[in-house]
Structures are given as structure tokens and as C-alpha cells.
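Please keep the sequence and the model in view while I speak.

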Amino acid sequence: GLAVATMVEAIIKDTHAVMPCSAYPTGQYGAKDMYMCCPIRLGPKGVEEVIEIALNDEEKKAVATSIARIPAKLKVLETL
């Protein structure tokens, strides 16, 4: 509930708050055509920006592994 209230406040008050949220990256972190949790900036129209933070090589590899696994996990859900 608190997370939703914080998001609503950022949208209504136009605070441009940065917070982790499920968003639709357009190439950030190497992700596209999927939703993933990443830092975003919220404003009156919702997500204003997907913020790409600097990652070290180990973190980049972990994110790439997670992104690569998402399509297979979605296919499993389709069979339920």
C-alpha cells in the first residue's frame, strides 16, 4: 500500500520521484519487448524515464541472465 501511495503522490504532485517499478524498457539494460523492474522517474503522465544506472560487469551479467530467462518463464505461465 505504501509503495502505491508513494507512486500516486509522485504522479499527482509532479515530483519526478525516482523509484523501482515494473516498466517497459526500450533497450535500457539490454531489455526490450518486456516489462522488468528497474529505476524509473514518475511524473503526471506516469513513467517519464527508465533510468539506466551504471553496472559493473558482474551486475551486467546477472541482469542479462535474468532477461534471457523471462521468455521461458512466460511460456510456462501460458501452460497453466
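β2 and β3 pair in the antiparallel sense, and four bridges link the two strands. Pairing here requires that DSSP finds at least two bridges between two strands. The numbered elements are DSSP runs counted from the N terminus: helices are H or I runs of at least four residues, and strands are E runs of at least two. Gly 43 has Gly 46 in β3 as its bridge partner.

Before I continue, a word on the source: this is a predicted model, in which local features need pLDDT of at least 70 and side-chain atom pairs count only at pLDDT 80 or more, while totals for chains, interfaces and linings use all residues. Residues are numbered from 1 along each chain as its sequence is written, and side-chain values use heavy atoms, with hydrogens and water left out.

Let us turn to the other pairing. β1 and β2, the latter covering residues 36-43, are joined in the antiparallel sense over six bridges. Within this pairing, Cys 21 stands opposite Cys 38 in β2.

Taken as a whole, the three strands make an open, antiparallel sheet in the order β1-β2-β3. β1 (18-23) and β3 (46-50) each have a single partner strand and stand at the edges, so one side of each has no neighbour in the sheet. Neighbouring strands are turned by 60° against each other on average, direction ignored. For angles, axes are lines fitted to C-alpha atoms, for helices over the stretch in contact, and values run from 0 to 180 degrees between N-to-C directions.

What packs on this sheet? Helix α1, residues 2-12, does so, touching β1, β2 and β3. The direction of α1 makes about 40° with that of β2. Contact means heavy atoms within 4.5 Å.

I now move to individual residues in the loops. Gln 28 lies in the loop between β1 and β2. Is Gln 28 buried or exposed? With a relative accessibility of 16%, Gln 28 counts as buried; the cut-offs are under 20% relative accessible area for buried, over 50% for exposed, and partly exposed in between, using a 1.4 Å probe and protein chains only. The side chain of Gln 28 reaches the backbone nitrogen of Thr 26 at 2.6 Å. Leaving aside residues up to four places away in sequence, Gln 28 touches Val 50 and Glu 52.

The loop between β1 and β2 also holds Asp 33. Asp 33 is not a glycine, yet its phi is positive, at about 60°. At 63% relative accessibility, Asp 33 counts as exposed. A positive phi, near 55°, is also found at Asp 14, a residue other than glycine. Asp 14 sits in the loop between α1 and β1 and is partly exposed, its relative accessible area being 36%.

Finally, the chain overall. The protein chain has two helices and three strands, which run α-β-β-β-α from the N terminus on. Its C-alpha atoms fill a box of roughly 40 × 35 × 20 Å along the principal axes. Of its 80 residues, 22% count as buried. Among contacts between residues at least 6 apart in sequence, 35% join residues at least 24 apart.

Notes:
A polar contact is a pair of N or O atoms within 3.5 Å; within protein, one must be able to donate a hydrogen and the other to accept it, and residues adjacent in sequence count only if both atoms are side-chain atoms.
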